[in-house]
Amino acid sequence: MKDAVNWELLDQTLPNKLVCMISRHAIPDLKAVPYASIANAIFYDSYFHPEINYDYSIKAAIDPKDCGNLTVIPQGFKPTS
């Protein structure tokens, strides 16, 4: 689990809130990019992280436009194209 998630993204979750996590396909090195691998998005669920002392929910999206009014993580995300 430790290698499947980018802990900097988990630090941006909000207690008892739904946040929108920008995800991408085919990420070989999670530490090299500021977003999550879409293949590992399920591993960001609060169920897998009891060490975080609050519940939270994550919606994975490729395009920030799909996030609507939700808080987007990573914070300050800027699309490259």
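**Reading the fold**

Mentor: Let us begin with strand E1, where five of the seven residues are buried, so E1 is largely enclosed by the rest of the structure. Buried means under 20% relative accessible area, exposed means over 50%, and partly exposed lies in between (1.4 Å probe, protein chains only). Helices (H or I, at least four residues) and strands (E, at least two) are DSSP runs, numbered from the N terminus. This is a predicted model, in which local features need pLDDT of at least 70 and side-chain atom pairs count only at pLDDT 80 or more, while totals for chains, interfaces and linings use all residues. Residues are numbered from 1 along each chain as its sequence is written, and side-chain values use heavy atoms, with hydrogens and water left out.

Trainee: How many helices and strands does the protein chain have?

Mentor: The protein chain has one helix and four strands, and their order along the sequence is α-β-β-β-β. Of its 81 residues, 36% count as buried.

Trainee: Which strands pair with E1, and in what sense?

Mentor: Two strands pair if DSSP finds at least two bridges between them. E1 pairs with E3 in the parallel sense over five bridges, with E4 in the parallel sense over three bridges, and with E2 in the parallel sense over two bridges. Individual residues show how this works. Met21 stands opposite Ala60 in E3, and the bridge partner of Met21 in E4 is Ile73. Towards E2, Arg24 stands opposite Ser37.

Trainee: How should I read a disulfide, and where is it found here?

Mentor: A disulfide is a covalent bond between the sulfur atoms of two cysteines. In this model, the criterion is a pair of cysteine sulfur atoms within 2.5 Å. The structure holds one disulfide, which joins Cys20 to Cys67 with an S to S distance of 2.0 Å. The link of Cys20 and Cys67 is left-handed, with -65 degrees about the S-S bond. Cys20 lies in strand E1 (residues 18–24) and Cys67 in the loop between E3 and strand E4 (71–73), so the pair ties together parts that are 47 residues apart in sequence.

Trainee: Are Cys20 and Cys67 buried or exposed?

Mentor: Both Cys20 and Cys67 are buried.

Trainee: Which residues make up the largest nonpolar core?

Mentor: In soluble globular proteins, nonpolar side chains tend to be buried together. A nonpolar core is a set of buried Ala, Val, Leu, Ile, Met, Phe, Trp, Tyr and Cys residues joined through side-chain atoms within 4.5 Å. The largest one here has 11 residues in all: Val5, Leu9, Leu10, Val19, Met21, Ala36, Ala41, Tyr44, Ile52, Tyr56 and Ile73. Helix H1 (7–10) and E1 are the elements that give two or more residues to this core. A second, separate core of five residues includes Cys20, Ile22, Tyr35 and Ala61.

Trainee: What does Tyr56 touch?

Mentor: Contact means heavy atoms within 4.5 Å. Leaving aside residues up to four places away in sequence, Tyr56 touches Leu10, Thr13, Leu14, Asn16, Lys17, Tyr44, Asp45, Ser46 and His49. For the protein chain, residues 24 or more positions apart account for 72% of the contacts with a separation of 6 or more.

Trainee: Where is Asn40 placed?

Mentor: Asn40 is in the loop between strand E2 (36–37) and strand E3 (57–61). Its relative accessibility is 19%, so Asn40 counts as buried. The C-alpha atoms of Asn40 and Val5 are separated by 7.0 Å, although the two residues are 35 residues apart along the chain.

Trainee: How many aromatic pairs are there, by the rule used here?

Mentor: Rings of Phe, Tyr and Trp (its six-membered ring) pair if their centres lie within 6.5 Å; planes under 30 degrees apart count as stacked, over 60 as edge-to-face and the rest as tilted. By this rule the count comes to three aromatic pairs. The rings of Phe43 and Phe48 have centres 5.8 Å apart and planes at 65 degrees, so this pair is edge-to-face. The rings of Tyr47 and Phe48 have centres 5.2 Å apart and planes at 85 degrees, so this pair is also edge-to-face. Ring pairs link Phe43, Tyr47 and Phe48 into a cluster.

Trainee: What is the relative accessibility of Tyr47?

Mentor: Tyr47 has 67% relative accessibility and counts as exposed. Phe43 is partly exposed at 28%, and Phe48 is partly exposed at 29%.
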